[in-house]
Amino acid sequence: MRRPSTGSLPAAADPDPIETLERENEALAARLTALTDEASRNDALLRKSQERELELLRAGTLPQLFERLLIGLKSSYQLDGVMVVLNDPQHEIRHLISGDDLAHGPQAGVMFVDALSTVAPQLAALERPWLGPYRRADHELLLPGQDHPASLALIPLRRHDELDGVLVFTSSDPHRFTRELASDFLAHLGLVAAICVENAVNRARLLRSGLTDFLTGFHNRRYLHARLREELARAQRARLPIVCLMIDVDHFKRINDQYGHLAGDVVLREVAQRIDAEMRISDTGARFGGDEFAMVLSQADIGDGERVARRVLNAVRQQPIQINTSTTPASETVTLSIGVAAANPGPGPHDYKALAERLIAEADAALYRAKSAGRNRFASSPNVVL
């Protein structure tokens with residue numbers, strides 16, 4: 001007798017264990033590929049970061065470091081912009097790089113401030129990198145004259161618990177820098193950059209101390225010779241002349257004999273300050289030795305040199321120099337003798353050291369003609385050093 005149907009569905013067949021294992025293996029293989037790709041990307045980023053950090057650490061001068069921070073990091077990390085903001089309340093860093101040819105470097109991306117809070121109040125409390133959207137009210141002064149980015153990263157440059165500056169990365173991608181992203185890598189980069197800035201500043205200080213006259217604060221003779229060779233090479237490339245002035249304090253021995261050597265030091269410092277006030281930022285002044293000074297005028301002809309010589313003469317002699325002696329205050333009207341000479345190197349190879357020596361010799365000969373003619377005047381060399 002046949003049993004009645006219960007109406008139930010037939011039992012589902014058990015899944016094929018081989019197919020299940022194959023699907024699991026495919027998922028695991030895909031996951032392994034993704035992890036391998038991620039590890040490869042992280043390894044490439046690590047190598048790139050290490051290479052960039054080594055480049056920063058190898059920078060020998062401040063302008064070279066700025067170039068590697070601005071151009072190197074922008075290229076390596078495919079950024080739309082990089083900015084370096086440095087706290088420089090005493091203008092020391094600006095002074096240290098004034099002798100370097102920063103005008104031909106990436107100076108547009110370097111900002112010096114007397115206080116970081118003046119460009120962005122929140123920077124004063126910046127302990128770790130800040131990532132997020134650009135906000136005009138908060139960030140406009142950080143990026144003056146630039147297109148507004150969609151996102152940016154503010155990376156503190158901290159050393160010895162002091163905030164020395166900020167490295168600014170910008171991007172047109174609003175998702176490039178967000179608050180959800182990890183910032184450990186950027187914090188490490190900021191530390192390396194801060195160490196590099198500190199090292200470059202210290203090297204510049206040491207170099208400046210070896211190339212600076214202690215008494216007057218002017219460059220010394222060694223620096224003048226090096227700078228003169230650089231200016232002659234630049235003059236040849238630009239096909240523009242340069243001028244050298246040799247300057248001597250008239251009757252300086254009498255001042256020393258009458259008032260003493262400390263009074264003579266006062267006179268030399270004051271003369272140096274008055275000469276410095278007549279120089280352009282591109283000019284170079286130096287104490288050549290004793291009571292003799294020198295000036296190098298870039299992109300200037302003999303007429304320019306004569307006009308500067310006349311200004312320097314008037315700046316020094318128009319007002320007496322106050323001298324405090326052991327007995328009573330005194331003042332001395334100091335005059336100068338100045339020799340002016342020009343150089344205009346032509347095309348072809350040159351021995352710039354020999355050219356520099358010839359230019360100084362021509363200016364020196366003109367100086368002695370001025371002294372022989374009665375002092376308190378300038379004389380120009382008729383010979384142009386070629």
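Modeller: I would begin with the backbone oxygen of Gln319, which lies 2.7 Å from a polar atom of the Arg274 side chain, a polar contact being a pair of N or O atoms within 3.5 Å, where within protein one must be able to donate a hydrogen and the other to accept it, and residues adjacent in sequence count only if both atoms are side-chain atoms. This is a predicted model, in which local features need pLDDT of at least 70 and side-chain atom pairs count only at pLDDT 80 or more, while totals for chains, interfaces and linings use all residues. Residues are numbered from 1 along each chain as its sequence is written, and side-chain values use heavy atoms, with hydrogens and water left out.

The Arg274 side chain also reaches the backbone oxygen of Ala315, at 3.4 Å. Arg274 belongs to helix H8 (residues 261-277), helices being DSSP runs of H or I with at least four residues and strands runs of E with at least two, numbered from the N terminus. Arg274 counts as buried because its relative accessibility is 12%, and buried means under 20% relative accessible area, with exposed over 50% and partly exposed in between (1.4 Å probe, protein chains only).

Ala315 is also one of the buried residues of H9, among them Gly303, Val312 and Val316. The buried residues of H9 pack against H8 and against strands including S6 (242-249) and S8 (292-297), with contact meaning heavy atoms within 4.5 Å.
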